[in-house]
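Welcome to this short briefing on a protein model.

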Amino acid sequence: MADALEKRSVSITRLSGNVPQIHTTASTVKGTTPSLVEDGRRRFIAASELSKSFGGFQALGPVNIHIEEGEFVSILGPSGCGKSTLMLVVAGLLQPTKGHIEINGRVLKRSMTDVGIVFQDHLLLEFRTAFENVLLQQEIRGLDRNQIRKRAQELFGKLGLSGAESRYPRQLSGGMQQRVSIARALVHEPSVLLMDEPFGALDAISRTQIRHDLEALWMETRKSVLFITHSIEEAIGLSDRVLVMSNSPGRVVEEIRIDLPRPRPAYLGQYPEFAKYAQQIYKTFEKLGVYQFK
Ligand SMILES: Nc1ncnc2c1ncn2[C@@H]1O[C@H](COP(=O)(O)OP(=O)(O)OP(=O)(O)O)[C@@H](O)[C@H]1O
């Protein structure tokens, strides 16, 4: 995928009526159906005409999104537009009112299991140590204990948590708590990682570091990631594609393919393309009335 990334040109696509205007080439891969493949890459997650209402209130959609195998996709949108709702529907934790999700070509009928989820709140159990929190996956899923312990130890090393194994959540900084929750989400090696504003509660300096560490981990493991954020810099810094959502009920109004080399630096402003992507997103938010600067 790194090669493919390097060959991409700057591409900003307006989505009219939520119909993707992406040029695709039909192709087939042995053992897969043609509809699963776009530009030679597998659509691992595909959400079609998704909408969600709570009582008479429409919170989301309709939305069409897809995530390719090993792709990092961010959703950027104003508060209350339905980002968390979209993530919960994609995870199968909330039923859509209309539309459906396909995972690897199969319609999702119950909660996804081949997944790791990270929320803004670390949701660690206070009475378990950092390491025991990560091992929870092994206990719940009935996985091989030695294998998961080994993997947990590796993740602690990669996430800068070595030495923190026996600390309780209250003895960790906010950034470390989120690192433990990332380790917990990845220890069972899921194909999909769903992250809902995971760094929202962290200070800007910690956010930049954890963004880099997550990117490094993703480059090694190549999960399919759906990452929800309010931060334009974070979305551009992490993603292969950024999907911009409108105000409530959220629809995807723009897709921006991020063509920056990886790993990306702390200061993204060194790339002229970064300014171009960011400006486009600010402009879209102005047009949508999300920003009303006078
Ligand atoms: N279970 C629920 N019952 C009723 N309304 C809900 C429920 N869950 C979410 N909503 C409403 O749906 C809308 C979208 O909520 P959601 O949390 O998905 O937005 P969001 O874009 O993630 O917001 P934020 O960025 O502030 O976290 C909001 O108006 C919210 O109040």
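**An annotated region**

In an unreviewed entry, the UniProt annotation "domain: ABC transporter" covers residues 45-272; UniProt positions follow the numbering used here, feature names are shortened, and annotations may be inferred rather than shown by experiment. What you see is a predicted model, in which local features need pLDDT of at least 70, side-chain atom pairs count only at pLDDT 80 or more, and totals for chains, interfaces and linings use all residues. Residues are numbered from 1 along each chain as its sequence is written.

**Overall make-up**

- Over residues 45-272 the chain is 32% helix and 27% strand, where helices (H or I, at least four residues) and strands (E, at least two) are DSSP runs numbered from the N terminus.
- The end C-alpha atoms of residues 45-272 are 31 Å apart.

**Around the ligand**

- The residues surrounding the ligand include Phe54, Ala59, Lys83 and Ser248.
- Helix 2 (residues 83-90) provides the largest share of this shell, three residues.
- By type, the shell has three nonpolar, seven polar and one charged residue; Ala, Val, Leu, Ile, Met, Phe, Trp, Tyr, Cys and Pro count as nonpolar, Asp, Glu, Lys and Arg as charged, and the others, Gly among them, as polar.

**Two domains**

- The domain assignment, whose bounds come from an automatic or database source, gives domain 1 (2-114 + 191-288) and domain 2 (121-190).
- Between them, 14 residues of domain 1 are in contact with 11 residues of domain 2; contact means that the C-beta atoms, placed from the backbone, lie within 7 Å.
- On the side of domain 1 that touches domain 2, helix 6 gives the most, with five residues.
- That side of domain 1 divides into nine nonpolar, two polar and three charged residues.

**A closer look at Leu108**

- Leu108 sits in the loop between strand 7 (106-107) and strand 8 (115-118).
- Why does Leu108 count as partly exposed? Leu108 has 19 C-beta neighbours inside 10 Å, while a buried residue has 20 or more and an exposed one 12 or fewer, with C-beta atoms placed from the backbone.
- Beyond its neighbours within four places in sequence, Leu108 is in contact with Gly92, Ile101, Glu102 and Ile103.

**Confidence**

- The protein averages a pLDDT of 86; pLDDT is the predictor's confidence in each residue, from 0 to 100.
- Confidence is lowest in helix 1 (residues 2-7), at a mean of 34, and highest in strand 5 (residues 72-76), at 97.
- The model scores ipTM 0.98 and pTM 0.87.

Terms used
A residue is near a molecule or strand if its C-beta atom, placed from the backbone, lies within 6 Å of it. Two residues are in contact if their C-beta atoms, placed from the backbone, lie within 7 Å.
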